[in-house]
Structures are given as structure tokens and as C-alpha cells.
Amino acid sequence: YKHLTNYALNKANFKSNQQESICPTNLLKQYLSVYRKIDWDEEVKPKIEDIIINTIQAGSDQLTHKNGCFELYGFDIMLDDKCNPWLLEVNLSPASAERADWLTEMLDAMADGLLKCVLPPAHLGLVNDVSPRQEKNYRYEKLNHS
């Protein structure tokens, strides 16, 4: 096992070894599938999504909405030895430094998804029909409407 550490706090220690200090999700998925016989998309990711949704719902009365604005939250999740996710903390405006090529791609996809949540479809050139997969991917968007 590698020691769990916060990159933002320890980035000086990773200057020469940034690529090895982070792990892309696809490698984690592959590791879990091959060595632990765990399907990330079916067994782990839905639990993480539930944690995020439940956390936002639990704190919704403490959140102040500002018209014309939105917030981006970063959820730090740790997996235990049985791959159960545990919420460590929620960050407002999380660090989004592009420290690896795959992380740059992930951040671009995240920004695209965020814009799809906050901008009207006409501004994005999107089709009005939303596939079930897109609906699941943007499940958290429903929080504002429930």
C-alpha cells in the first residue's frame, strides 16, 4: 500500500516524481478488476455517487445560493480494504492543477460536464434528447430540482 497523502500539502516532496504520486482512474479500475475482482462502475462508483448526493443534501440548508453563480466542490474519498468509500472532506473550489496528461484530460471533461449542468442546452449546441447514460452521468444535477 502507498501512504495516503494530500498532494496540495506535500507537493514540494513530489516535484521530481509527480507522475507516480497520482493514479489515473482507469488504472485503479484495472487493478480492482484483475486483483480484487471488483467492478468499479457497478460496485464502487455508485457508492461514491451516493456519498456525494447525500452529503450535498445533508448540507443543503447551510449552502447560500447566489443568483447567477455556482460552486464547485471537491470530494476527497478514501477506499478501505474492502473498497468501501469513506468521505474524508469536501473542498470548496478544489485545486485543479494539471500535474499529469491524464489529469488534464479529466479536468477538461469535468469542466465540460460542469458547463452542461449550468448552461442552457442551446448555448452548448446540444440535442434536447438526453440518453439514459447522460442522465446517469448528470444525476447530481437533479439535486437542484428535488
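Me: How many helices and strands are there in the chain?

Reply: In this predicted model, where local features need pLDDT of at least 70, side-chain atom pairs count only at pLDDT 80 or more, and totals for chains, interfaces and linings use all residues, the chain has 6 helices and 2 strands, taken as DSSP runs (H or I of at least four residues for helices, E of at least two for strands) numbered from the N terminus. Residues are numbered from 1 along each chain as its sequence is written, and side-chain values use heavy atoms, with hydrogens and water left out.

Me: Why is the pair of Tyr 31 and Tyr 35 called tilted?

Reply: Rings of Phe, Tyr and Trp (its six-membered ring) pair if their centres lie within 6.5 Å, and planes under 30 degrees apart count as stacked, over 60 as edge-to-face and the rest as tilted; the two tyrosine rings are 5.3 Å apart centre to centre with 35° between the planes, so they form a tilted pair. Both residues lie in helix H2 (residues 25-35), 4 residues apart, about one turn of the helix.

Me: Why is Tyr 35 called exposed, and why is Tyr 31 called partly exposed?

Reply: Buried means under 20% relative accessible area, exposed over 50%, and partly exposed in between (1.4 Å probe, protein chains only). Tyr 35 has 62% and is therefore exposed, whereas Tyr 31, with 39%, is therefore partly exposed.

Me: What makes up the largest nonpolar core?

Reply: This core has 6 residues, namely Leu 32, Ile 38, Trp 40, Val 44, Ile 48 and Cys 83, and its largest share, 3 residues, comes from helix H3 (residues 40-59).

Methods: Core = buried A, V, L, I, M, F, W, Y, C linked by side-chain atoms within 4.5 Å.
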